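My notes go with the view below.

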Amino acid sequence: MRSRWSYVYFAFYLLLGIVLLFLNNDLSKAVITLMNVIIVLVPLIGTIFGVMYYYNSKEFTELLLAQPLKRSSIFLGQYLGVALSLSMSLILGLGLPFVFYGLFESSAIWDFSLLLITGTFLTLIFTALAFNIALSNENKIKGFGYAILLWLFLAVIYDGLFLMTLIMFEDYPLDKVSLIGTMLNPIDLSRTLILLKLDISALLGYTGAVFKQFFGTSFGLIISFIMLTVWVVLPVLRIIFKSKKKDF
Amino acid sequence: MKTFFIVMSVIFMTKLSIAQNITVCKTCPISTLKKAIAHAKDFDTIVVKSGTYKEFDVNVNKPLTIIGENYPVIDGELKGEIITITSDNVTVDGLFIINVGTSYTEDYAAIRVKNSKNFLIQNLVLEKLFFGIYIEKSRDGKVFHNKIIGDAVEEYNSGNGIQLWYSNNVKIEHNFVQHVRDGIYLEFSDDCVIKNNVSALNVRYGLHFMFSNDDIYQDNIFENNGAGVAVMFSKHIEMYNNIFKENWGTASYGLLLKEINDAEIEGNTFENNTIGINIEGSNRINYKQNTFSNNGWAIKVKGACYTNKFTQNNFLYNSFDIAYNSKVNDNEFDKNYWSNYTGYDLNKDGIGDVPYRPVKLFSYIVNRTPETIILLRSMFIDIIDFSEKVSPVFTPDDLMDNNPQMKKITW
């Protein structure tokens with residue numbers, strides 16, 4: 001089951017990559033479209049796939065639990081199985097068309113590798129979050145509901161609330177708040193990381209020392225990557241913790 | 001008639017035979033430029049052999065041609081102004097001038113032209129300078145192929161590369177200016193031509209106009225300056241085929257227009273600037289066939305701008321195409337190519353069937369609360385931009401391009 005779906009996923013990205021490149025004929029525009037795909041679709045697919053996989057293989061997991069195996073290795077194995085196969089599909093599916101298109105000779109290679117790296121991080125994060133939701137909810141429908149809601153919240157609603165807050169408190173110095181707000185949402189974080197490459201000229205238009213330090217130096221890049229790693233590690237730790245205590 | 005010609009040619013030949021060469025070198029009888037000028041008669045040529053000459057306050061008060069061989073160094077030892085030209089018809093060629101004095105009460109220059117006509121300043125290299133070439137109340141001259149490399153860090157204690165003050169009809173061509181305050185600065189100077197220069201890494205502006213009318217600048221490159229070009233309080237300026245690149249920063253523009261009327265801006269390229277063009281109080285300007293690519297804001301309109309026309313420009317992958325801070329619009333956008341355009345072309349005439357609205361709601365929000373820039377390209381922002389596009393509330397509703405091109409325009 002895992003392999004079948006990851007083939008579909010792979011085929012989808014392959015198709016997307018080919019369509020983008022050969023219809024657009026322009027690498028920089030393709031990179032912008034890809035960014036939208038990566039920060040919206042990758043988390044969605046990661047979430048749904050993670051939840052689906054957990055519920056579908058629940059009986060098999062219970063069978064495994066009867067064997068003399070460590071719980072953490074069972075669940076971590078499942079998690080890594082899903083997350084890594086999804087990441088592989090993403091990297092190969094998008095990577096192959098771009099390589100054939102002549103990515104290595106182009107200057108967009110760094111933008112593109114950054115896209116793939118953040119895509120991989122997002123897959124790892126959202127699959128882990130999905131496993132957390134599934135572990136905490138016995139009810140399949142409820143689990144799916146929460147998972148979709150989580151995606152919707154982080155992808156759209158969070159930004160809405162964030163924007164409202166910024167506009168409401170516009171009289172106060174907000175640069176630190178806005179940076180912290182970005183750090184707390186993995187989708188925003190990945191978006192900012194990609195913006196650092198794509199729209200740096202616009203980002204530097206704002207007068208603020210904190211912004212300037214964050215965007216103008218490699219400081220922003222480093223902090224963003226650290227935060228993304230934290231975003232992977234925390235949910236995974238909770239998977240281990242939760243799976244040890246859970247009754248089956 | 002015949003006798004007239006003979007008389008003329010005799011006069012001409014005697015004139016030629018009077019004009020003689022004076023050579024300046026370390027071991028010659030005349031070992032300084034000052035002495036050479038004192039000895040010289042009108043229309044003489046002074047040849048300066050290579051070597052280092054420690055001189056300042058050299059006053060060229062006769063029509064002379066001063067030529068340096070293998071770039072002799074004129075070292076001012078930071079004592080003040082180095083060469084001052086006060087006569088008509090002076091040519092200075094091939095000198096290496098360094099160490100101009102810095103003063104806060106006087107604008108010391110490496111070479112200053114004062115109240116003269118028909119001067120030619122060419123092939124100079126200026127380093128460690130305060131002001132470079134300072135032309136005041138002079139006319140009909142040429143500044144050609146000079147290299148000016150300063151070491152300016154702050155605006156208040158640095159000077160300009162090439163400065164014109166009340167000087168008309170001067171040609172500035174093929175110069176290379178770096179690391180000064182303003183690369184080229186024109187104040188009260190009309191009918192000047194600025195062509196094929198490279199002005200880069202300057203603290204303030206690459207090129208700066210103040211109260212100067214009817215000037216042309218074309219085929220120049222402005223790169224990495226505090227701001228590329230500032231055109232202020234001037235009329236009838238023509239700007240053709242210049243390249244404005246990588247002017248990054250909080251108050252950084254490719255081109256800043258302030259109180260400019262009746263200008264032509266054609267064939268220029270704006271690339272990777274925080275703001276491509278910043279327009280304030282400028283009327284009747286034609287923007288034609290310019291390319292704006294990968295800028296933060298391609299064009300930022302600050303208000304009081306009327307009857308400007310934007311036609312056949314390419315807007316490629318800018319974070320924001322146009323930003324307005326008001327709801328009123330009196331400018332015309334027509335037949336441009338917008339890479340963000342998402343419409344269709346059913347009758348295949350190369351013109352999109354749906355008008356394009358270049359001003360987004362998000363640019364209005366960013367204008368109000370600059371920190372929101374961090375939400376750029378978020379899905380939520382795309383949604384609110386879309387709803388604003390369908391029914392404009394905050395952005396000027398008549399600001400649209402009715403004939404957006406489907407393909408990038410090539411000339």
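These entries cover the pocket, the cavity, the aromatic pairs and the charges over rings.

**Ground rules.** I am working from a predicted model, where local features need pLDDT of at least 70, side-chain atom pairs count only at pLDDT 80 or more, and totals for chains, interfaces and linings use all residues. Residues are numbered from 1 along each chain as its sequence is written, chains are lettered from A and ligands numbered from 1 in the order in which they are written, and side-chain values use heavy atoms, leaving out hydrogens and water.

**Pocket.** I get 28 lining residues, with B:Asn340, B:Thr342, B:Lys360, B:Arg377 and B:Asp382 nearest the centre. Two or more lining residues each come from helix 2 (27-56) of chain A and from helix 3 (361-368) and helix 4 (379-390) of chain B. Helices here are DSSP runs of H or I, at least four residues, numbered from the N terminus. Helix 4 of chain B gives the most, six residues. By class I noted 12 nonpolar, eight polar and eight charged residues (Ala, Val, Leu, Ile, Met, Phe, Trp, Tyr, Cys and Pro are nonpolar, Asp, Glu, Lys and Arg charged, the others, Gly among them, polar).

**Cavity.** How many cavities of 30 Å³ or more does the structure hold? I found one, a cavity being a set of points where a 1.4 Å probe fits but cannot get out. The largest cavity has a volume of about 40 Å³. Its lining includes A:Asp159, A:Arg191 and B:Met379. Helix 8 of chain A gives the most to that lining, three residues.

**Rings.** I count 32 aromatic pairs over all chains (Phe, Tyr or six-membered Trp rings with centres within 6.5 Å; planes under 30 degrees apart are stacked, over 60 edge-to-face, the rest tilted). A:Phe121 and A:Phe225 have ring centres 6.0 Å apart and planes at 45°, so I logged the pair as tilted. A:Phe121 sits in helix 5 and A:Phe225 in helix 11 of chain A, 104 residues apart.

**Charges over rings.** B:Arg112 lies over the face of B:Tyr134, 4.3 Å from the ring centre (the rule: NZ of Lys or CZ of Arg within 6 Å of the centre and within 35 degrees of the ring normal). B:Lys137 lies over the face of B:Tyr166, at 5.9 Å.

Notes: 1 Å grid on protein atoms, 1.4 Å probe; cavity = no way out; pocket = protein on both sides within 12 Å on 5 of 7 lines; lining within 4 Å. Points joined across faces, edges and corners; volume = space filled by probe spheres on them.
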